[in-house]
Amino acid sequence: MHPAKVITGMKAQRVENLSHAQRERLAYIDFRLYFLGEIGRPDLIERFGVAPAGATRDLALYREIAPQNITFDGSNKIYRIGQAFTPLFNHASQRVLSALALGFGDGVNGTTQPLLSCEFPTALSNPKMDVLAPICRAIHANRPVAIRYYSMSSGESDRVIVPFALVDTGLRWHVRAFDRKTGEFRDFVITRIETPTLLDEVPQANERPDNDIQWTRIVELDFVPHPRLERPEIIRMDYGMTDGAIRMRVRAAVAGYMLLRWSVDCSSDHRLTEEQYRLWLSDSLALYGVENAKLAPGYQAPAVKTGWKG
């Protein structure tokens, strides 16, 4: 876990003056105290490969900066969370949950273990690394890539795409790219790609992401508790709603995926009554012109009015 933005004030200035490696170790101490309630020298030694003396210095430095956060239990030779603990770092929730469920580490030896017992749905579809890696290199280098692709509508074909972003739909991974075969920006499911080969070319002006209207367009979506629910206050609690609603600003290119993943009823008359629909999109017109709105549960595009004929 990388150290997040540090709290403001004198403590922040003290931490900012440290080296990046020191901030990493202090953030780890902060994390262990905050979420596990304790940390020992062996935890730092195992995580960062520092010598015992170095681990002792890090713990002493943390104690010097935030004495109210940490106490030493001499009988067990372990440091415990202080009663007046205030986190020294802002820990992003997604990073915290990932660390608790999957463990810390860079995946070099594949031996990281969960920090707490945690169960989550097993992914049924994961990209192959020998496909994902060249796609990532193409994005990083801003290069086209030749692929063999398997489409549900057109079957197998050879294409050249210009990828610029990865998209996690919650169910599978896509790459957003310009497709030279169709002349359009599209999503390509990574598990359907074979033999990606980077090309030594520079993308044309029309292939760049700033020309992808669905990518550059930001839509504002307002979610409220589904009107059928008898206790909407519980849904407001579940989603941390303020003023009874959530306002999300998302790219049009990913809006449909998000609405499908979160089972948001997008019908204009909130007619979806199945149990999974706990949220309702209060203004379905916000999806007008969003190409993947067809994925949004219950959504129907407004009828196009034709001109009057005499």
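1. In this predicted model, helix 5 (residues 93-102) supplies the largest share of the lining of the largest pocket, namely 6 residues. The space in that pocket amounts to about 1,100 Å³. Its lining has 21 residues, and those closest to the centre are Phe120, Pro121, Asp168, Gly170 and Arg261. Sorted by class, the lining of the largest pocket holds 11 nonpolar, 7 polar and 3 charged residues.

2. The second largest pocket has a volume of about 760 Å³. It is lined by 27 residues, and His174, Arg186, Asp187, Tyr257 and Lys294 are the ones nearest its centre. At least two lining residues come from each of strand 4 (145-151), strand 6 (173-179), strand 7 (184-189) and helix 9. The lining of this second largest pocket divides into 11 nonpolar, 7 polar and 9 charged residues.

3. The model also contains an open sheet of 4 strands, arranged in the order 10-9-12-11 with mixed pairing. Strand 10 (246-251) and strand 11 (264-265) are the edge strands; each has a single partner strand, so one side of each lacks a neighbour in the sheet.

4. How do strand 11 and strand 12 (residues 279-281) run where bridges join them? The two strands are parallel, and 2 bridges join them. Val264 has Leu279, in strand 12, as its bridge partner.

5. Helix 9 (residues 252-261) packs on this sheet and touches strand 9 (218-225), strand 10 and strand 11. The direction of helix 9 makes about 130 degrees with that of strand 10.

Methods
Residues are numbered from 1 along each chain as its sequence is written. This is a predicted model: local features need pLDDT of at least 70, side-chain atom pairs count only at pLDDT 80 or more; totals for chains, interfaces and linings use all residues. Side-chain values use heavy atoms; hydrogens and water are left out. Two strands pair if DSSP finds at least two bridges between them. Contact means heavy atoms within 4.5 Å. Axes are lines fitted to C-alpha atoms, for helices over the stretch in contact, and angles run from 0 to 180 degrees between N-to-C directions. On a 1 Å grid over the protein atoms alone, a cavity is a set of points where a 1.4 Å probe fits but cannot get out, and a pocket is an open set with protein on both sides within 12 Å along at least five of seven lines; lining residues have an atom within 4 Å of a point. Grid points are joined across faces, edges and corners, and a volume is the space filled by probe spheres set on the points. Ala, Val, Leu, Ile, Met, Phe, Trp, Tyr, Cys and Pro count as nonpolar, Asp, Glu, Lys and Arg as charged, and the others, Gly among them, as polar.
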